[in-house]
Amino acid sequence: MAFFAVELMLFLLALSLKGSISAPRDTEAALICTNRTSIESDRRVYVATFLAAMDVITPLVNRQGYGGVVNGTGNNTVYAFGECMKDLSRTDCNLCFARCKTQILRCLPFQRLTRGGRLFFDGCYLRYDDYMFFNESLSAVDRTLCGTNDFVGNQSLFRENVVELVRIMSVEGPKNDGFFTGLVNRGNLTVFGLAQCWEFVTGNACQTCLNNSVANISSCPPKDEGRVLNAGCYIRYSTQRFFNNSSPDSPASTGGQSRRLAVILASTFSGVALLVIVATISFFGRKRAIKQRREKKQLGALLQTLNKSKLNFSYESLERATNYFHESNKLGQGGSGAVYKGVLQNGQAVAIKRLFFTSRQWVDHFFNEVNLISGIDHKNLVKLLGCSITGPESLLVYEYVPNQSLHDNLFVKENVPPLNWQERYKIILGTAEGLAFLHEESTVRIIHRDIKLSNILLDEDFTPKIADFGLARLFPEDKTHISTAIAGTLGYMAPEYIVRGKLTEKADVYSFGVLLIEVICGRRNNSSTSQTSNSILQKVWNLYGTSKLFDAVDPTLEGKFPEEEANRLLQIGLLCVQASAELRPTMPIVVKMLTYQHEIPEPKQPPFLNTTSSSSEMMSPLNKAGTPYFQSGSNTNSSGNNMTESFIEPR
């Protein structure tokens with residue numbers, strides 16, 4: 001009942017303030033994309049790093065009106081900065097910046113990736129680049145934009161007022177924390193203006209930027225509007241009032257009426273505002289307390305489980321095992337943490353993951369790995385040996401798998417012979433057996449959700465081991481499917497999961513089918529591109545029915561493979577990636593097909609392929625479904641390590 005009263009008061013408050021001039025000012029002034037382009041090999045990594053930076057910067061802007069972030073390493077480091085105009089309300093700032101983030105993606109086309117861009121809205125600003133630009137006040141791509149309409153009236157006086165206004169703003173702005181709004185009204189001719197230096201541009205740098213703006217914007221009159229878009233500041237004038245503050249915009253009598261109205265509104269709604277604040281604090285405080293109690297309960301149960309088992313490692317022993325996480329022992333880094341090789345006191349080699357996650361994600365990841373996986377033992381699953389949660393960071397300890405990932409062996413390692421046919425068949429069959437165990441042979445049904453090349457590790461004899469169960473989900477025995485926020489890697493994700501969030505074991509079957517085809521063909525399924533020439537699924541589907549499926553086999557094998565068996569495996573792959581989940585075989589059936597114990601039916605067309613021609617367009621499922629590509633982010637390595645919940649990583 002209390003919340004209903006609050007909602008009613010908020011509704012009345014919204015009606016009363018309907019006439020406010022407040023607006024997000026999300027009109028685009030200019031989008032500037034750099035001319036520098038990335039090389040093809042690091043495009044996907046740079047995009048993922050950019051998206052992760054956007055995920056970090058958003059709460060900063062929401063909380064304080066501005067934010068800067070540095071994300072990534074080496075050539076794939078992204079520097080990003082966003083800020084709202086200081087006269088905007090928090091709500092309008094959030095609205096403006098949300099739109100800004102979606103529009104700056106126009107600087108990130110899939111075919112040609114620019115490594116920098118800046119987007120100016122009249123209410124907010126967003127920039128990313130591949131170098132540290134936070135101290136820049138001026139740059140070579142700064143712009144002056146003049147309006148399209150001439151001022152109607154005394155143009156000489158208008159010019160004088162504009163020049164005087166921008167001069168005042170350039171003087172007063174640096175004195176006022178880099179921000180100033182005002183007007184000049186001489187000869188009954190009013191000009192309004194706003195100047196703002198970005199948060200990282202202070203002191204002399206702010207003054208330099210604004211002085212440059214004054215010199216450039218003076219060329220705009222007699223146009224009725226003008227803007228200067230510099231690396232370190234923004235300045236605008238207009239004959240229409242566009243900013244939000246209490247400055248009078250007409251004779252004193254009108255200003256007095258505005259102030260009296262403000263007093264009336266403040267008196268009327270002060271009680272409402274107080275009640276809303278109290279109710280909001282109470283609601284979120286209670287919600288947070290419940291969440292903390294739940295997490296503490298989970299953590300407490302986990303600690304009790306660990307203390308009574310052999311899974312518990314001391315943090316100090318794992319530190320020593322990795323030589324204090326020395327860079328030379330680093331095996332790789334993914335969305336959930338960095339992995340290091342370590343040697344325990346008994347001489348056993350292990351792989352130790354340092355988790356990035358905290359709070360709910362941290363607990364979820366640990367419960368997945370410890371509760372779901374620790375009791376499972378199968379030759380094709382990476383064994384979790386233990387963990388440590390009592391030190392300054394969370395660690396997971398796995399068996400060490402020496403031959404790295406399937407992705408590394410197919411696309412990264414140099415000066416080594418390519419995997420031969422027997423090794424590829426062994427890897428495909430072992431992966432299928434591991435998934436069949438998870439789905440139907442284990443004591444609990446588990447869906448992995450992130451089957452891909454980089455999550456299949458290879459032992460000394462190239463026995464495959466499925467790794468990284470951070471996104472795994474327990475599948476209840478009495479359920480036909482579960483609904484969940486989507487997570488995983490674009491290109492491996494089943495269509496029904498992407499579009500509707502419907503998760504079954506058939507989502508893993510689809511991912512396995514993509515992986516099988518990639519292994520046989522020696523090419524990645526680049527589903528994030530709009531050209532089917534880059535889709536290995538399209539190529540295999542086009543060859544199907546010609547009795548020459550083997551033409552898609554990796555040319556590095558130089559024909560040293562049995563053609564009939566190659567045709568058979570690729571047909572199994574097509575069965576696994578059929579658009580309809582009901583038509584896909586289960587993993588135990590896939591194992592029987594691979595071992596010649598089950599007939600292979602005719603596959604139907606995979607999803608998102610256009611059959612009109614071999615060069616037709618392949619549409620992304622997310623575009624078709626109207627679902628945004630990216631929702632949140634985390635750093636990732638070149639092999640496409642998994643993202644956090646509700647994140648789709650581009651291939």
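Predicted model: local features only at pLDDT ≥ 70, side-chain atom pairs only at ≥ 80, totals over all residues.
1. First sheet by position in the chain. Five strands form an open sheet in the order S1-S4-S5-S3-S2, and the pairing is antiparallel. The edges are taken by strand S1 (28-33) and strand S2 (66-71); each has a single partner strand, so one side of each is left without a neighbour in the sheet. From one strand to the next the twist averages 5°.

2. Pairing of S4 and S5. Strand S4 (residues 117-121) and S5 run antiparallel and are joined by four bridges. Within this pairing, Gly-117 stands opposite Tyr-128 in S5.

3. Helix H3. This helix covers residues 90-103, and its 14 residues reach 20 Å from the first C-alpha to the last, close to the 20 Å expected at 1.5 Å a residue. Its buried residues are Asp-92, Cys-93, Cys-96, Phe-97, Cys-100 and Gln-103. Seen down the axis of H3, these buried residues fall within an arc of 125°, so they line one face of the helix. H3 lies across S1, strand S3 (78-84), S4 and S5, and runs at about 35° to S5.

4. Another open sheet of five strands has the order S6-S9-S10-S8-S7, with antiparallel pairing. Strand S6 (143-146) and strand S7 (179-186) are at its edges with a single partner strand each, so one side of each is left without a neighbour in the sheet. Here the twist averages 10° from one strand to the next.

5. Pairing of S7 and S8. Eight bridges connect S7 with strand S8 (residues 189-197) in the antiparallel sense. Phe-180 has Ala-195 in S8 as its bridge partner.

6. Helix H4 (residues 155-172) lies across S7, S8 and strand S10 (233-238), and its direction is at about 150° to S7. Helix H5 (residues 203-217) lies across S6, S8, strand S9 (225-229) and S10, and runs at about 35° to S10.

7. Ser-137. This residue lies in the loop between strand S5 (124-129) and S6. Ser-137 has a relative accessible area of 14%, so it counts as buried, the cut-off being under 20%. Not counting residues up to four places away in sequence, Ser-137 touches Asp-142, Val-201, Ala-205, Cys-209, Asn-230, Ala-231 and Gly-232.

8. Nonpolar cores. The largest nonpolar core has 70 residues, of which Leu-406, Phe-512, Leu-516, Ile-517, Val-540 and Leu-594 touch the most other members. Helix H12 (residues 505-521) gives the most to this core, with 11 residues. Val-540 touches Ile-517, Cys-521, Leu-549, Ala-552, Leu-570 and Leu-574, leaving aside residues up to four places away in sequence. Another core, of 44 residues, lies apart from the largest one; among its members are Ile-32, Val-47, Ala-53 and Phe-179.

9. Met-593. Helix H15 (residues 587-594) holds Met-593. With 2% relative accessibility, Met-593 counts as buried. Its contacts, not counting residues up to four places away in sequence, are Arg-568, Ile-572, Leu-575, Pro-585, His-598, Glu-599, Ile-600 and Pro-601. Met-593 and Leu-569 are 24 residues apart along the chain, and their C-alpha atoms are separated by 8.7 Å.

Definitions and conventions. Residues numbered from 1 in each chain as written. Heavy atoms only, no water. Pairing = 2+ DSSP bridges. Helix = DSSP H or I, 4+ residues; strand = E, 2+ residues; numbered from the N terminus. Axes fitted to C-alpha atoms, helices over the stretch in contact; angles between N-to-C directions. Contact = heavy atoms within 4.5 Å. Expected span 1.5 Å × (residues − 1). Buried < 20%, exposed > 50% of the residue type's maximum accessible area, 1.4 Å probe, protein only. Arc of directions from axis to C-beta. Core = buried A, V, L, I, M, F, W, Y, C linked by side-chain atoms within 4.5 Å.
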